[in-house]
Amino acid sequence: MIHKLLILGNPVTITTEAGSGSIDFALPREVCPSCEFGKCFNDCDGSQGADENNKETEEYVLARRSYNASLDVIESLMLAHACAGIKVDDPKYVEGIEATFLASVELLATVSEANKLLREDALREDALRENALRENAKGSDQQFVLKDRVRTLSLLSGLEVFQRRENGKNVFDFYAPEKIAVKSCFTYPKAKLFAEGVWFGRTSQQ
Ligand SMILES: [Zn+2]
């Protein structure tokens, strides 16, 4: 005997014969966005074609799997009832099944919304991290420029040069051997003028 049912718009066909049976065109399962398997637990690792943003949160995977399991239960129950001779195409029976199915759908929808929010959070965090990395790279560029400036000043003046920050400005301290402080210059242009003066003095003496 063949029972053709429509459960919330989803065609379900139950075939029974002498106490046993089968169920086809079953209720729609929720699948992994990457591998399209209902039972996948983030283990395909998104390597099957889905992009990073498609990844599910652990919470969602759990919900998806229990949703699928609840549909397994609903279908087994319907099949068992059909085999036992219960009129599974009775509108009242279908109504009961639909209510159960709907409860599962709603539960998944709640977690799905949470999953979406979590995913958006993760994306936002990624963006922030990238920004921080970019800022960091900019910072190390500045460090590099400063090191180069200190080297230039030292080469010009023949003195030891140290750079430090004071009141938000770069200060360049010149030292003669044995740590004798020679001069401190605020800003690089001033330090360079001084270093060039020293260089000129040194070269004109030779
Ligand atoms: Zn998968």
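**Exercise 1. State how many helices and strands this predicted model contains, and describe their order and the overall spread of the chain.**

Step 1. In this predicted model, the protein has three helices and six strands.

Step 2. Read along the sequence, these elements follow the pattern β-β-β-α-α-β-β-β-α.

Step 3. The radius of gyration is 37 Å, well over the 17 Å that the globule rule gives for 206 residues, so the protein is more spread out than a compact globule.

**Exercise 2. Work out into which domains the protein is divided and what distance separates their centres.**

Step 1. The division gives domain 1, covering 2–134, and domain 2, covering 158–205.

Step 2. Taken over C-alpha atoms, the centres of domain 1 and domain 2 are separated by 72 Å.

**Exercise 3. Trace how strands E1, E2 and E3 pair with one another.**

Step 1. Begin with E1 and E2, which run antiparallel and are joined by six bridges; within this pairing, Ile2 stands opposite Thr15 in E2.

Step 2. Look next at the connection, where E1 and E2 form a hairpin with two residues between them, and where Leu8 in the turn has a positive phi of about 50°.

Step 3. Continue to E2 and strand E3 (residues 20–24), which pair in the antiparallel sense over five bridges; here the bridge partner of Thr16 is Gly21 in E3.

Step 4. E2 and E3 also form a hairpin with two residues between them, and in this turn Ala18 has a positive phi of about 50°.

**Exercise 4. Find which elements supply the largest nonpolar core, and follow the contacts of one of its members, Leu27.**

Step 1. The largest nonpolar core has 16 residues, of which Ile7, Ile14, Leu27, Ile74 and Met78 touch the most other members.

Step 2. At least two residues of this core come from each of strand E1 (2–7), strand E2 (10–17), helix H1 (58–83) and helix H2 (91–157), and H1 gives the most, with eight residues.

Step 3. Leaving aside residues up to four places away in sequence, Leu27 touches Ile7, Asn10, Val12, Leu71, Ile74, Glu75 and Phe101.

Step 4. Apart from this core lies another, of seven residues, among them Leu153, Val161, Phe174 and Phe194.

**Exercise 5. Determine what share of the residues counts as buried, and what share of the contacts with a separation of 6 or more joins residues 24 or more positions apart.**

Step 1. Of the 206 residues of the protein, 15% count as buried.

Step 2. Among contacts with a separation of 6 or more, 46% are between residues 24 or more positions apart.

Definitions and conventions
Residues are numbered from 1 along each chain as its sequence is written. This is a predicted model: local features need pLDDT of at least 70, side-chain atom pairs count only at pLDDT 80 or more; totals for chains, interfaces and linings use all residues. Domain bounds come from an automatic or database domain assignment. A nonpolar core is a set of buried Ala, Val, Leu, Ile, Met, Phe, Trp, Tyr and Cys residues joined through C-beta atoms within 7 Å. A residue is buried if 20 or more other C-beta atoms lie within 10 Å of its own, exposed if 12 or fewer, and partly exposed in between; C-beta atoms are placed from the backbone. Helices (H or I, at least four residues) and strands (E, at least two) are DSSP runs, numbered from the N terminus. Two residues are in contact if their C-beta atoms, placed from the backbone, lie within 7 Å. Two strands pair if DSSP finds at least two bridges between them. The radius of gyration is taken over C-alpha atoms; the globule rule is 2.2 Å times the number of residues to the power 0.38.
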